[in-house]
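Hi there,

Here's the structure I promised to pass on.

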Amino acid sequence: SSSSSSSSASAASLPGVQQWWTPATAPAATGAEEGDPTLRALLQRVAINNEVLVAVSNKALINPEGNYGMLRTWLDGVQKAGVKNY
């Protein structure tokens, strides 16, 4: 229990972060926001056990050929880890 309270404390100490979102507390899940119906339909179709793996990056995503960048590095790692649904 002490580790969960320390992770909550670290989330609250980040500027602008009130709490970590979970599938149950995300604004779209609670009805606070409707969410994007097109994205929702796509995720419902591809998610295995209602789970998705997401990459977020602010730059150097991938070059036009698709063989360099942080997204390419992430995709290579996902493939090497044996993730089937990416």
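Let's start with Leu 43, which is partly exposed, with a relative accessible area of 32%. On this scale, buried means under 20% relative accessible area, exposed means over 50%, and partly exposed is in between, using a 1.4 Å probe and protein chains only. Leu 43 sits in helix H3.

Before going on, a word on where the numbers come from. You're looking at a predicted model, where local features need pLDDT of at least 70 and side-chain atom pairs count only at pLDDT 80 or more, while totals for chains, interfaces and linings use all residues. Residues are numbered from 1 along each chain as its sequence is written, and side-chain values use heavy atoms, with hydrogens and water left out.

Now the overall layout. The protein has four helices and zero strands, so "helix" here needs its rule: helices (H or I, at least four residues) and strands (E, at least two) are DSSP runs, numbered from the N terminus. Read from that end, the elements go α-α-α-α. Of the 86 residues, 10% count as buried.

One is a nonpolar surface patch of about 610 Å², made by Leu 39, Leu 42, Leu 43, Val 46, Val 52, Val 54 and Val 56. Patches are made of residues with over 30% relative accessible area and no salt bridge, joining like charges within 9 Å and nonpolar side chains (Val, Leu, Ile, Met, Phe, Trp, Tyr) within 5 Å. The areas come from the Shrake-Rupley method with a 1.4 Å probe, and for residues only the protein chains shown count as cover.

The other place is the largest pocket, which holds about 770 Å³ of space. Of its 19 lining residues, the closest to the centre are Pro 23, Ala 26, Ala 28, Ala 29 and Leu 43. A pocket, on a 1 Å grid over the protein atoms alone, is an open set of points where a 1.4 Å probe fits, with protein on both sides within 12 Å along at least five of seven lines; lining residues have an atom within 4 Å of a point. Grid points are joined across faces, edges and corners, and the volume is the space filled by probe spheres set on the points.

Which helices each supply at least two residues of that lining? They are H2 (27-30) and H3 (37-46), and H3 gives the most, with four. The lining divides into eleven nonpolar, four polar and four charged residues. Here Ala, Val, Leu, Ile, Met, Phe, Trp, Tyr, Cys and Pro count as nonpolar, Asp, Glu, Lys and Arg as charged, and the others, Gly among them, as polar.

Next, helix H4. Asp 76 forms a salt bridge with Arg 72, their closest N and O atoms being 3.0 Å apart; the rule is a side-chain nitrogen of Lys or Arg within 4 Å of a carboxyl oxygen of Asp or Glu. The count by this rule is one. Asp 76 and Arg 72 are four residues apart in H4 (residues 70-80), so about one helical turn separates them. Asp 76 is partly exposed, at 28% relative accessibility.

Leu 71 is also in H4 and partly exposed, at 26%. Its C-alpha atom is 7.7 Å from that of Ala 60, eleven residues away along the chain.

Finally, look at the loop between H3 and H4, where you'll find Asn 49 and Asn 50. Asn 49 has a positive phi of about 55° although it is not a glycine, and Asn 50 has one of about 60°, again without being a glycine. Asn 49 is exposed at 67%, and Asn 50 is exposed at 75%.

Cheers!
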